[in-house]
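Please read the following briefing alongside the sequence and the three-dimensional view. It is arranged by topic for a reader new to protein structure.

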Amino acid sequence: MELIISLLIAGFFGTGVYCLFQRSFIKLIAGLILIGQGANLLVFSVGGLMSLKPAFVGKEAPPMVADPLPQALVLTAIVISFGLIIFTISLLLKAQRELKSDDLNQLNTTDTL
Amino acid sequence: MNLLYLPIILPFVTAVACLEFTRWSKATPVIGTIGAVAQLIGAIYLLDEVLVKELIVGHTGGWAAPVGISFVADKLAVAMVVITAIISVVINLYGWAQLDSALIKKHYFALVHFLLMGVNGAFLTGDLFNLYVWFEVMLIASFVLMTIGGTKAQLEGGVKYLVINLVASVLFLCSVGLIYGKVGTLNMADISYHLRDSVDAHLVNSSGILLLIAFGIKAGLFPFFFWLPASYHTLTPTTLALFAGLLTKVGVYALLRTYTLIFESQFELIQPILIWIAGLTMAVGVMGAASHYNIKKILSFHIISQIGYIMMGIAIATPLAIAGAVFYTLHHIIVKTNLFLIDGMIAKHYGTSDLKKLGGLYKWSPIFALLFFIPAFSLGGIPPLSGFWAKLSLIQAGVEANHYFLVATAGVVGIFTLFSMTKIWAEAFWKKPDPETPKFKLPSLREMTPALILASLTLLIGLNGDALFEFSKSTSNQLLSPEAYVKAVLNK
């Protein structure tokens, strides 16, 4: 289980970074979403990966359950990244309409001015 | 109620009040300014209390640390909160005088106060994940403020700023997660407590480097600074002054906090990296400044080289060096904001900050020239202005700790800083203007008041540097003995 999740996180980050290095706006958004999800999965997994353990327990806690705190953190992080991604998409949409291009290589006028 | 939460609650209340008055958008600058003044009063009360009690700790919801989120006001945090409140007052006044009504209608002042809430929250929190949340609050407000004008250049700069900051946030989140996985707590005092006696403390170094990169991107350190000169110069002057003064310094604050508190036991390992980063940040920043001919660009690059100076203090990490870094940060926020305010007034009059198109400002308005002279040559480090004392203490700390290479870099960078400030002075103020260039009219007193406030603060620090330096020294002593911090937060 740990190995699968680790590979999954690596996959998210790898493809995310690859997308970020492409030139189109859409791939930029995809890249940001992917590395964001990779980070969420990473934080989620630090709580420990346990399966088939009930969420509600009796008076005595079972010895091995996943730590719920990272799950709460991930919830917060997901909500934040959701908002940020929506903002990114709308900003890129506006930029694309204004600049009449969705090529990141065209976005170089503020560097040289 | 604990005074500690005032610097977070007041901007929030002000922002909501500004949103309430959307229909009478003319009222929002007034509300914003009143809110900022209230924030300043609250911050000074808090400072007063911290000077007596050394540390104030608040446990949200009554949950004691490390279960609940704690808020901690130590001397560094409270100094940053006070300086933020000063900048807040100045920016609100300046925005009131300068902004056109179209921007004000787009909730400009509400956004400024949301941003300030995030900044103050980041300064006061004692919890690593909470720090992440405050960073996001600050970021989302800054994204909107950055692109609110909607011009082509702003959108383009905004895209760069947004993408690099989202990547930094992701790295920050990963680091927080990994630290939790290794230490089992997110309360910074508790992490410090657990790591101090642990034999495996070196395992957090990977997270430490991730944090260094995340905060380094936000602070504009070498080699992560490229977004800053590519986006800042597109901003409206009011926003630009606010960002230049505060935002990068939040990153610096976070570095100072984490490296003196959490990674304290591992500092020797990371010190060489910090020293290289400090030197290169200084040098590259000032070279960028020397090569440009636009006031906004020159000043943006100067932010980077000044951050390098502050990093030099953090990297050397002796009591004197940290005191110098704290002093430098406080001085730098005031001076940098002021320079951008003055540039804003020039740009508003001429519609450009290009040095080649400017000239003769000294001839037309010696008072305005004097107003520029004070912060500009304070930044350059001319005695007796505040920048001289800041640089002197850092260089002295470097010599005492035998970091001669860094000291030499700082010296050379200081000369170049002076050179590029002189360039602005010679081109915009002294040069004989083109015959067609219109005459410069002194801005109204209302527009000048913010710059006058900051210039008098610079003079006050310069002539009366001892008091602030004593304060910086006691701040640095507090930072370098985190046991008291840990004890106050955890009650053990």
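**Briefing: two chains and their contacts**

Leaving out residues up to four places away in sequence, Ile304(B) touches Gly220(B), Phe225(B), Leu228(B), Pro229(B), Thr281(B) and Gly285(B), where contact means heavy atoms within 4.5 Å. The model is predicted, so local features need pLDDT of at least 70 and side-chain atom pairs count only at pLDDT 80 or more, whereas totals for chains, interfaces and linings use all residues. Residues are numbered from 1 along each chain as its sequence is written, chains are lettered from A and ligands numbered from 1 in the order in which they are written, and side-chain values use heavy atoms, with hydrogens and water left out.

- Ile304(B) lies in helix α13 (residues 295-316) of chain B; helices (H or I, at least four residues) and strands (E, at least two) are DSSP runs, numbered from the N terminus.
- Ile304(B) counts as buried because its relative accessibility is 0%; buried means under 20% relative accessible area, exposed over 50%, and partly exposed in between (1.4 Å probe, protein chains only).
- Ile346(B) is found in helix α14 of chain B, and with 1% relative accessibility this residue also counts as buried.
- Apart from neighbours within four places in sequence, Ile346(B) is in contact with several residues, including Ile295(B), Leu358(B), Phe368(B) and Phe440(B).

**The nonpolar core**

- The largest nonpolar core has 214 residues, and Tyr232(B) and Leu242(B) have the most contacts inside it; such a core is a set of buried Ala, Val, Leu, Ile, Met, Phe, Trp, Tyr and Cys residues joined through side-chain atoms within 4.5 Å.
- Helix α14 (residues 319-350) of chain B gives the largest share of this core, 19 residues.
- Not counting residues up to four places away in sequence, Tyr232(B) touches residues that include Met146(B), Trp227(B), Leu247(B) and Ile303(B).

**The interface of chain B and chain A**

- The contact takes 34 residues from chain B and 34 residues from chain A.
- The buried area between the two chains is about 3000 Å², of which carbon and sulfur atoms give 80%; this is the accessible area (1.4 Å probe) that two parts lose on being put together, summed over both.
- In chain B, Leu155(B), Glu156(B) and Tyr180(B) lose the most area to chain A, together 19% of what that side buries.
- Elements giving two or more residues to the side of chain B that touches chain A are α6 (128-147), α7 (152-183) and α10 (227-231) of chain B.
- The largest share of that side, 19 residues, comes from α7(B).

**Salt bridges**

- Over all chains, the structure holds 7 salt bridges, each a side-chain nitrogen of Lys or Arg within 4 Å of a carboxyl oxygen of Asp or Glu.
- Asp103(A) forms a salt bridge with Arg23(A), the closest N and O atoms being 2.6 Å apart.
- Asp103(A) lies in the loop between α3 (68-99) and α4 (109-112) of chain A, and Arg23(A) in the loop between α1 (2-20) and α2 (25-45) of chain A, so the pair ties together parts that are 80 residues apart in sequence.
- Asp343(B) and Lys296(B) also meet in a salt bridge (3.4 Å, N to O); this pair links helix α14 and helix α13 of chain B, 47 residues apart.
- Both Asp343(B) and Lys296(B) are buried.
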